[in-house]
Amino acid sequence: MKLVFLGTSGSFPSKDRMCPAILVEDNFLIDCGEGALHRLLNLDVNLDTIESIFISHIHADHISSLPMLLWTMWLQGRKSKLTIIGPPNIQEVVESMLQLVGTNPERFSFTIQYKKIDGAGDLGEFEVFPVKHGVPTFAIKIGDKLVYTSDTAPCESLIDFAKNCKLLIHETTFPDEMKQEAHIHNHSSPFDAAVIASKADVEILSLFHIPPPFQNLEEKFITQAKKHFDGKIFSAKDLQIFRI
Ligand SMILES: [Zn+2]
Ligand SMILES: [Zn+2]
């Protein structure tokens, strides 16, 4: 399975890092935060190859590039159907965003099919699981290889969900010394991510969603996580390609 980290920053972008977006096998996009479209263009990805987009939750840093991506697909003359998967209000949110920028999706050259998630479930090619983030938010698992937690406070149920998977991409929005703030804001620290990774026996842990104020502390985040997880750990970088 080929993954391309398009955006790895959390909460808002920095000069070098865009908001969350991960391209899987060139045809499946996980989240579509600020900068995702530009990263796809950087990589010469043919937008027609993207068949489905999974939006983990409705926060600006995870969805803000979507209206422009849809516009671009339309103006490039896309014909094939696009599937957008997300929380129960996904269709309403996407259509509202488009209406607010003066676009009736009925004018698009392609159709959008929506799949609404309202709880844990197996959707065939992947599984989803609700996490703890204040708004409906879903982790995703693809095969036994990849689990992406999206944004979440420490969520014990992720241990079973991620059991024995190869790569766990876990958000780490605050350093360990700010764990209280992390939990108040429904986020996690490296300690939290490492404990889940260790109990789930995953092979590799990727720290993800580090916001700009902490991006210069990346090595510290890794050191903090290493104390509680024996497997391989890395902090994902924009445009990094990873094969599992
Ligand atoms: Zn976020
Ligand atoms: Zn969020």
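User: In this predicted model, which strands does helix 8 (residues 218-226) lie across, and at what angle does it run to strand 13?

Analyst: Helix 8 covers residues 218-226. This helix lies across strand 12 and strand 13. Its direction relative to strand 13 is about 155°.

User: Which strands are the edge strands of the open sheet?

Analyst: Seven strands form the sheet, in the order 7-8-9-10-11-12-13, with mixed pairing. An edge strand here pairs on one side only. The two are strand 7 (121-122) and strand 13 (232-235).

User: What is the bridge partner of Leu168 in strand 12?

Analyst: Strand 11 (residues 167-171) pairs with strand 12 (residues 204-208) in the parallel sense, over five bridges. Helix 7 (residues 190-199) lies across strand 11 and strand 12. Within strand 12, the partner of Leu168 is Leu205.

User: Why is the arrangement of the four donor atoms around the zinc ion (ligand 2) irregular?

Analyst: The zinc ion (ligand 2) is coordinated by His57 (NE2), His59 (ND1), His133 (NE2) and Asp151 (OD), at 2.1 to 2.4 Å. Four donors count as tetrahedral if all angles lie between 85 and 135 degrees. The arrangement is irregular because the donor atoms subtend angles of 93 to 168°.

Note on methods:
Residues are numbered from 1 along each chain as its sequence is written. Chains are lettered from A and ligands numbered from 1 in the order in which they are written. This is a predicted model: local features need pLDDT of at least 70, side-chain atom pairs count only at pLDDT 80 or more; totals for chains, interfaces and linings use all residues. Side-chain values use heavy atoms; hydrogens and water are left out. Donors are N, O and S atoms within 2.8 Å of the metal (3.2 Å for Na, K and Ca); water is not among the atoms, so sites may look incomplete. Four donors count as tetrahedral if all angles lie between 85 and 135 degrees; four count as square planar and six as octahedral if opposite donors are over 155 degrees apart and all others between 65 and 115; anything else is irregular. Two strands pair if DSSP finds at least two bridges between them. Helices (H or I, at least four residues) and strands (E, at least two) are DSSP runs, numbered from the N terminus. Contact means heavy atoms within 4.5 Å. Axes are lines fitted to C-alpha atoms, for helices over the stretch in contact, and angles run from 0 to 180 degrees between N-to-C directions.
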